[in-house]
Amino acid sequence: LEENFDYGSTPGTLVAVSAGNWVSHSGTSGPVMYITAGLSMPKYGSSGIGGAAAISTTGVEDVNRSFAPQTSGTIYYAALVRVITATSTGDYFLHLKDSGTLFRASIFVRDKGGAVQFGLGVTSSLNVSSSVPFNYDTTYLVVAKYRNEATPSAALYVMTAPVPVEPAVPLLSATGGSTVSVQAIAIRQGAQNQRPAVIIDGIRVATTW
C-alpha cells in the first residue's frame, strides 16, 4: 500500500475526500481531516506529494485503509509524522488492524519534559517508551515492524532521514499478543484528554524494508 494523500486542493474530512479509500471504524464526530499541505523529507519516495492527514486533540473518529490480508510473516509500515502537541499521558495514533478491533504495532506519543517521546505497543497497550527526546513541529520518518508469528513482536524506528537497509537496533522493541490477519492501516484519535495532535503523510505498507 502507498498512500500519499493526493486528494486535491480542497481540504475536508479524509473519508469524504478519499472517495472510499479511507473508511471510519469508530467515532461519529471530530473527523480525521485532510489538509492540503503535505510533509516532506529528502530521498523519501512519498515526500511532498499531495496533502496530509491531520488528527487533533478534540477528534473522535478513527479511520482505516485496507490492503490484502497478511496472515503471517513480517509487515512494515512507514509514515512521515509531525507532532504538534501531546499530553503527558499520551496515546497511540497509528497502527495496523484486522477486520475488527484487534490492533497491532501501535505507535504512541506523549510529552515528557516539553519534548516528544515515542512509545510502542505490540497490541493496543503500551509495552515500552523511549527515553530519547524528539522535537515538536519536526518531520520524522517512523517505521513500525510487526512479526506475525506464534509469538508476535514489534519494533519501532524513528529517523530524520530514510536509510536503504533496516538498522541493526530499533528505537523500541517488544513482544506479545497473538497472531491475527492484518489487513488495514489505521489512524486513531485516542482517548479524551490523552489525544495528541499529529500530521501524518506518506504512508507505505510492505513486507520488506
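Guide: We may begin with one residue. Tyr92 is buried, at a relative accessible area of 6%; buried means under 20%, exposed over 50%, and partly exposed in between, with a 1.4 Å probe and protein chains only. This is a predicted model, in which local features need pLDDT of at least 70 and side-chain atom pairs count only at pLDDT 80 or more, while totals for chains, interfaces and linings use all residues. Residues are numbered from 1 along each chain as its sequence is written, and side-chain values use heavy atoms, with hydrogens and water left out.

Visitor: How many aromatic pairs are there by the rule?

Guide: A pair of aromatic rings is described by the distance of the centres and the angle of the planes. Rings of Phe, Tyr and Trp (its six-membered ring) pair if their centres lie within 6.5 Å; planes under 30 degrees apart count as stacked, over 60 as edge-to-face, and the rest as tilted. The count by this rule is nine aromatic pairs. In one of them, the ring centres of Tyr92 and Phe108 are 5.2 Å apart and the planes stand at 55°, so the pair is tilted.

Visitor: Which parts does the pair of Tyr92 and Phe108 tie together?

Guide: Strands (E, at least two residues) are DSSP runs, numbered from the N terminus. Tyr92 belongs to strand E8 (residues 91–97) and Phe108 to strand E9 (residues 103–112), so the pair links parts that are 16 residues apart in sequence. Phe108 is buried, at 9% relative accessibility.

Visitor: What kind of aromatic pair do Tyr157 and Trp209 form?

Guide: The pair of Tyr157 and Trp209 is edge-to-face, with 5.1 Å from centre to centre and 80° between the planes. Tyr157 is in strand E13 (residues 153–159) and Trp209 in the segment after strand E16 (197–206), so parts 52 residues apart in sequence are tied together. Tyr157 is buried at 5% relative accessibility, whereas Trp209 is partly exposed at 29%. Together with Tyr76, Tyr157 and Trp209 form one aromatic cluster.

Visitor: Which residue lies over the face of Tyr92?

Guide: A charge sits over a ring if NZ of Lys or CZ of Arg is within 6 Å of the ring centre and within 35 degrees of the ring normal. Arg188 lies over the face of Tyr92, 3.9 Å from the ring centre. Arg204 is placed over the face of Tyr44, at 5.8 Å from the ring centre.

Conventions:
Helices (H or I, at least four residues) and strands (E, at least two) are DSSP runs, numbered from the N terminus.
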